[in-house]
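Open the model in your viewer and keep the selection tool handy.

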Amino acid sequence: MKKIITVLFAIASVLAVRAQDTEGMAMIAQDSIQTVPTLADADSAYIHGDYLTAISIYESIIETQGVSATLYMNLGNAWYKTDEIAKAILNYERAYILDPSDPDVQFNLELARTKTVDNVNPMNELFFVVWFKKLLAALDINQWALITVAVFLLAVVLFAMFLFSKKMAAKKISFSLSVIFFVFSILSFIFATSQLGSIRNRDTAVIMSPSVTVKSTPSDSGTDLFIIHEGRKVRILDSSMKEWVEIRLEDGNTGWVPVKVMEII
């Protein structure tokens, strides 16, 4: 009997120790979870002027939880406060790709651009191209996709009314409206796919170096064409070279720059 009691006491002691260890590990895990910085922590750091901490937390959230226009804009604001204009523009541009309809993103981006050295003179565009870009930026991709589905379904319903209606006047009206809504659904689909292409095909970048000499060929020995400065947005034409990319500016000028001087939007 004494042996049995001794064994039971030993087992109870081991279980008690394990329970304490488990509880201790749970408390440690809970403490570690609580110490993970959150979006509220980043916003608080920004409000209190601790911009570097805010930047670190925003970047961590983007890396671990995914991107959003709001996160990129907040990150851009924090970089702007530290006078890192090129990094601010980079993140504003990323926010703009995700939500071109946000007026705050548009305003902050234009404000940051006024702090850059280069005076951008874009090429004149045809009126319908300007119209298309403005209409495209009126909504984000989710809104255009929702409109596409809703308008298409409405076009289908109106066409069904045309098929089954017995009154000639109703048939004419329903058919005309179904055609109009079908055309609208095609346009909204084009806008949605265009924005999706901008998100997936990142063919633009921001110059991050203080100044860069654009070359005529992908080589340091190439002819110097012109100089661009940090914060300048460029379009990538050819990235097949390992260390060089061919770029085009808004004014139509083209040339080659090292990959290391830019960051993809």
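How many nonpolar, polar and charged residues does the lining of the largest pocket have? By class, this lining has 14 nonpolar, ten polar and 13 charged residues (Ala, Val, Leu, Ile, Met, Phe, Trp, Tyr, Cys and Pro count as nonpolar, Asp, Glu, Lys and Arg as charged, and the others, Gly among them, as polar).

A word on the model: it is predicted, local features need pLDDT of at least 70, side-chain atom pairs count only at pLDDT 80 or more, and totals for chains, interfaces and linings use all residues. Residues are numbered from 1 along each chain as its sequence is written, and side-chain values use heavy atoms, leaving out hydrogens and water.

**Stop 1: the pocket.** Select Y96, R113, K133, K233 and R235, which lie nearest the centre of the largest pocket among its 37 lining residues. On a 1 Å grid over the protein atoms alone, a pocket is an open set of points where a 1.4 Å probe fits, with protein on both sides within 12 Å along at least five of seven lines; lining residues have an atom within 4 Å of a point. Now colour α7, which gives the most to this lining, with five residues.

**Stop 2: α7 and α9.** Select residues 127–136 (α7) and 168–200 (α9): these helices (DSSP runs of H or I, at least four residues) have axes, lines fitted to C-alpha atoms over the stretch in contact, that come within 10 Å and cross at roughly 80°. That makes α7 roughly perpendicular to α9 (65 to 115 degrees, on a scale from 0 to 180 between N-to-C directions). Show F132, L135 and L136 of α7 with I190, F191, S194 and Q195 of α9, which make the contact (heavy atoms within 4.5 Å). Five of these contact residues are nonpolar, two polar and none charged.

Key:
Helices (H or I, at least four residues) and strands (E, at least two) are DSSP runs, numbered from the N terminus. Angles under 35 degrees count as roughly parallel, over 145 as roughly antiparallel, 65 to 115 as roughly perpendicular and the rest as oblique.
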